[in-house]
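Student: Hi, could you walk me through this model?
Tutor: Happy to, let's take a look together.

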Amino acid sequence: MTYLTASSQSAVSAGKRFRTLLDAGPILRLPGAHNGMAALQAQAHGFDAVYLSGAAMSASAGIPDVGILTVDEVARRVAELSRAAGLPILVDGDTGYGEALNVMHMVRVFEDAGAGAVHIEDQILPKKCGHLNDKKLATVDEMAAKVAAAAAARRDLVVIARTDAIATEGFDAGVARAKRYLEAGADAIFPEALTSAEMFRAFAAAIDAPLLANMTEFGRTPFFTAAEFADMGYRMVIWPVSSLRVAAKAQEKLYASIRDTGGTQAMLGRMQTRAELYDLIRYHEFEALDASIVATTLPQQ
């Protein structure tokens, strides 16, 4: 079924569908999907929701993840993913694109575009990837005000507060911030850049709320599986940039092959075929809609 005829996509809001998945347990797996095709591929492999990473989206646009993208640019990508697959999306809201009113605007724009959840972080601009050094944080009060603004503006959207404080201010400060953000109205907490299973378990023991784990590659967090995160007390896990990393590496090999051999023949075995592409994007279903609606009529004599 295509998005042009699927009434069920809008019957229940993405926020309610995301919350249902979160409540179902044991852990909601959220692979990163940086464009509509990635969302379709995630859906085809059985995932019920996806994650839109600011880092992956920025990189796919050829720019670093330092808070350059605007709320409208992100909303367009949210709408693209939602239209393509109809899955509820957890969106990276960076620092909220400003202060309280900007955060409220972000929440409404993302929700209208099809987001099921958003996370905002307690860094200040220019923000950094959570696994890099020397991050600069907003005050607890400033971040709590943003969380409260997001909670006030949302209709069904799940609001997740991310804290980067553990790497900068220490574990206890991160826990204290998380508790304050929950008091301000956050539905869940995202502790960023934890470095051991012991730390993940300790944070889960200290916070009585759904928790999000970030399983990014080449960062500070060791590799854990979804089941291991669930065992440590986490209800969500993201693989934020994985799909982009794999796609980018494949593109590197393609361009090198064209440069070195003058063609793409050596890469055919690594390519999605035309038939596979058409099946994924439901090409023939779209084509059938046109044939059934735009019927040819002959001119009257």
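**Pocket and sheet**

Tutor: The largest pocket holds about 880 Å³ of space. A pocket here is an open set of points on a 1 Å grid over the protein atoms alone, where a 1.4 Å probe fits, with protein on both sides within 12 Å along at least five of seven lines. The volume is the space filled by probe spheres set on the points, which are joined across faces, edges and corners. This is a predicted model, where local features need pLDDT of at least 70, side-chain atom pairs count only at pLDDT 80 or more, and totals for chains, interfaces and linings use all residues. Residues are numbered from 1 along each chain as its sequence is written, and side-chain values use heavy atoms, without hydrogens and water.

Student: Which residues are closest to the centre of the largest pocket?
Tutor: Those are Gln-41, Ser-243, Val-246, Ala-247 and Ala-250, out of 26 lining residues (lining means an atom within 4 Å of a point).

Student: And which helix gives the most to that lining?
Tutor: H12, with 9 residues. Helices (H or I, at least four residues) and strands (E, at least two) are DSSP runs, numbered from the N terminus.

Student: Switching topic, what order do the strands of the open sheet come in?
Tutor: The order is E2-E3-E4-E5-E6, with parallel pairing (strands pair if DSSP finds at least two bridges between them).

Student: Why is one side of E2 and of E6 left without a neighbour?
Tutor: E2 and E6 stand at the edges, each with a single partner strand, so one side of each has no neighbour in the sheet.

Student: How many bridges join E5 to E6?
Tutor: There are 4, and Thr-163 stands opposite Pro-191 in E6.
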